[in-house]
Amino acid sequence: MIKSRSAVKVTIRSALQQDLENIVSIEKISFIDPWIAQDFINFKNQRDCIIEVAEYHRKVIGFICYKFWENHFEIINIAVSAEFLRKTVGSQMVAKVRGRLSRNHKKFISLIIRETNVFAQLFFFKCGFKAVRVIREYFEDTGEDAYLMEQCIFGSNRFKSIGDISHSD
């Protein structure tokens, strides 16, 4: 859990159509190349794709998008409203996904993150994720490399740290 000056307890629930405006607003402020409303609609309409929101006092202050795969979940997108950063909102959303692993017979959570997104790398590291692979020139918009990060819940020796692995070509 990330240390914060004043943690807030949020309610995490499935996203509804009326949440879309708030989700897009948080997305625009959070990312250089943000998703638009249609991207969220397309994602939610895919098989095995989930969007959840974090609410505080009935206001949407964060969201997480993730996908079910055969043996794991993949976090595709996550963001928290700027005024609620470092208040454990993101870690509560990740914990909710982690809590679903065993009852859905999944073994780990993965995500792909920009090499330059140090804030997110540190956040996920503090949530228990490890960088397990470098994916060269993953992002088409910049040619930037990415890190594949994973958190294994069952069998903690499954993954090596990035210092112990070779880089992909």
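This is a predicted model: local features need pLDDT of at least 70, side-chain atom pairs count only at pLDDT 80 or more; totals for chains, interfaces and linings use all residues.
**View 1. The largest nonpolar core.** This core has 30 residues. Val89 is among those with the most contacts inside the core, together with Ile75, Met93, Val94, Phe124, Phe129 and Met149. At least two core residues come from each of strand 3 (59-68), strand 4, helix 3, strand 5, helix 4 (118-126), strand 6 (130-135) and strand 7. A second core is separate and has 14 residues. Leu20, Phe43, Cys49 and Ala79 are among them.

**View 2. Strand 5 and its surroundings.** Strand 5 spans residues 108-114. Five of its seven residues are buried, so the rest of the structure largely encloses this strand.

**View 3. Strand 4 beside strand 5.** Strand 4 (residues 72-80) and strand 5 run parallel, joined by four bridges. Glu74 has Ser110 of strand 5 as its bridge partner. With helix 3 (residues 89-99), the two strands make a β-α-β unit. The unit is right-handed.

**View 4. Strand 7 beside strand 5.** Strand 7 covers residues 146-152 and runs antiparallel to strand 5. Seven bridges join the pair. Leu111 stands opposite Met149 of strand 7. Met149 also belongs to the largest nonpolar core, where it is one of the residues with the most contacts.

Key:
Residues are numbered from 1 along each chain as its sequence is written. Side-chain values use heavy atoms; hydrogens and water are left out. Buried means under 20% relative accessible area, exposed over 50%, partly exposed in between (1.4 Å probe, protein chains only). Two strands pair if DSSP finds at least two bridges between them. A crossover is right-handed if, with the strands pointing away from the viewer, the path from the first strand over the helix to the second runs clockwise. A nonpolar core is a set of buried Ala, Val, Leu, Ile, Met, Phe, Trp, Tyr and Cys residues joined through side-chain atoms within 4.5 Å.
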